[in-house]
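Visitor: I am new to this structure and would like to understand its salt bridges. Could you guide me through them?

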Amino acid sequence: MAKSKFIYDPEKLSYIPVETTFKEKVMKFVPYLSVGTLMGVAFYAISAVAWSTPTEKIQAQKISDMKQRQTVFVERLNEIDDVLKELEVMDDSVYRTMLGSDPLSPSLRQAGTGGVNAYEEMIASNNPKDLIDAYKKLDNLVAKINVQRASYNELFKKASLNFDRIQHLPAIIPIANWDLHYIGSGFSKRFHPILQVWRMHKGIDFVASEGTKIFASADGVVSVAHLSSSFGNVVEVDHGYGIVTLYAHMSKFNVKKGDKVKRGDVIGYVGDTGLSAGPHLHYEVHVHGEAVNPVNYFFNDLSADEYKQVVAQAESIETCME
């Protein structure tokens with residue numbers, strides 16, 4: 001039973017009951033209702049965060065697992081992309097050079113995958129941007145792999161028809177790896193230590209101890225074996241197909257003009273003759289009378305990683321040894 005409220009009437013010297021209207025009763029209840037509502041909302045928000053339902057927990061775990069798989073997927077795509085880039089370098093710089101083919105054009109290697117419209121459905125479905133980007137990368141890799149496969153098929157057919165040419169290509173480093181101290185200056189403009197001028201260095205320097213064996217890099221015929229004022233004891237081997245190799249600053253020859261040599265035959269020994277700053281072999285490759293970078297022909301001795309290391313080392317040295 002609700003309690004009645006009384007007020008004191010000084011005129012009557014007594015307490016009289018006070019009547020409370022419905023509106024007054026409602027207005028008195030509103031603050032309690034507001035506070036209760038706020039407390040209920042706050043409790044729900046806290047419990048929703050702190051105490052997920054079993055279904056919500058399963059859903060959260062699935063989302064976490066999906067993100068982890070997506071991360072691994074992107075990492076694998078990047079690994080495949082790195083391997084493909086190495087294959088492209090070897091294809092353009094080594095295999096195509098070996099068979100007398102031009103490198104593939106960048107536009108052909110960057111093959112299209114259907115354009116932007118191919119991913120409109122994924123975008124319309126509100127898929128995460130990272131996932132869409134991963135699918136784009138995958139499609140791009142598949143297209144580039146198909147280009148590389150076609151290139152290898154073409155080169156395989158050429159190799160089958162050009163076995164003799166391959167035997168006459170300068171495919172090895174002319175000094176054994178275990179005898180090589182380091183690779184010196186490469187194919188570019190370098191400072192000459194004797195003449196004290198900058199000029200084109202048309203080959204690559206192999207630094208090794210005097211007397212180290214020098215090998216013919218391919219089958220051919222010795223066209224030059226004499227003493228030069230600049231190259232010292234120098235040997236040139238004509239390999240046919242417009243290709244000639246030059247070996248300079250030898251201490252002595254092991255061949256004479258007109259000799260036939262096979263790849264790997266000893267043609268001389270490392271020396272310090274001519275305009276030389278120390279014992280080393282200066283090695284050049286000429287194709288149809290033009291000097292070319294010898295590194296592009298070391299495909300029998302170098303992996304893709306080793307090829308890049310040799311190029312980087314040769315390019316880092318500004319002063320040649322001759």
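Guide: A residue is called exposed when its relative accessible area is over 50%, and buried when that area is under 20%. The model shown here is predicted.

Visitor: How many salt bridges does the structure hold?

Guide: A salt bridge is counted when a side-chain nitrogen of Lys or Arg lies within 4 Å of a carboxyl oxygen of Asp or Glu. By that criterion, the number of salt bridges in the structure is 7.

Visitor: Is Lys-262 buried or exposed?

Guide: Lys-262 forms a salt bridge with Asp-219, their closest N and O atoms being 3.7 Å apart. Asp-219 has 9% relative accessibility and counts as buried. For Lys-262 the relative accessible area is 53%, so this residue is exposed.

Visitor: How many residues apart in helix H2 are Asp-81 and Lys-85?

Guide: Asp-81 and Lys-85 form a salt bridge whose closest N and O atoms are 3.6 Å apart. Helix H2 covers residues 54-98, and about one helical turn separates the two, because their spacing in this helix is 4 residues.

Visitor: Which helix holds Lys-137, and how far in sequence is the residue from Asp-81?

Guide: Asp-81 also forms a salt bridge with Lys-137, with 3.6 Å between the closest N and O atoms. Asp-81 lies in helix H2, so the pair ties together parts that are 56 residues apart in sequence, and the helix of Lys-137 is H5 (residues 129-161).

Visitor: Which residues are linked with Asp-81 in a network of salt bridges?

Guide: Asp-81 is buried, at 9% relative accessibility, whereas Lys-85 is partly exposed, at 43%. The residues linked with Asp-81 in the network are Lys-85, Lys-137 and Lys-144.

Technical notes: Residues are numbered from 1 along each chain as its sequence is written. This is a predicted model: local features need pLDDT of at least 70, side-chain atom pairs count only at pLDDT 80 or more; totals for chains, interfaces and linings use all residues. Side-chain values use heavy atoms; hydrogens and water are left out. Buried means under 20% relative accessible area, exposed over 50%, partly exposed in between (1.4 Å probe, protein chains only).
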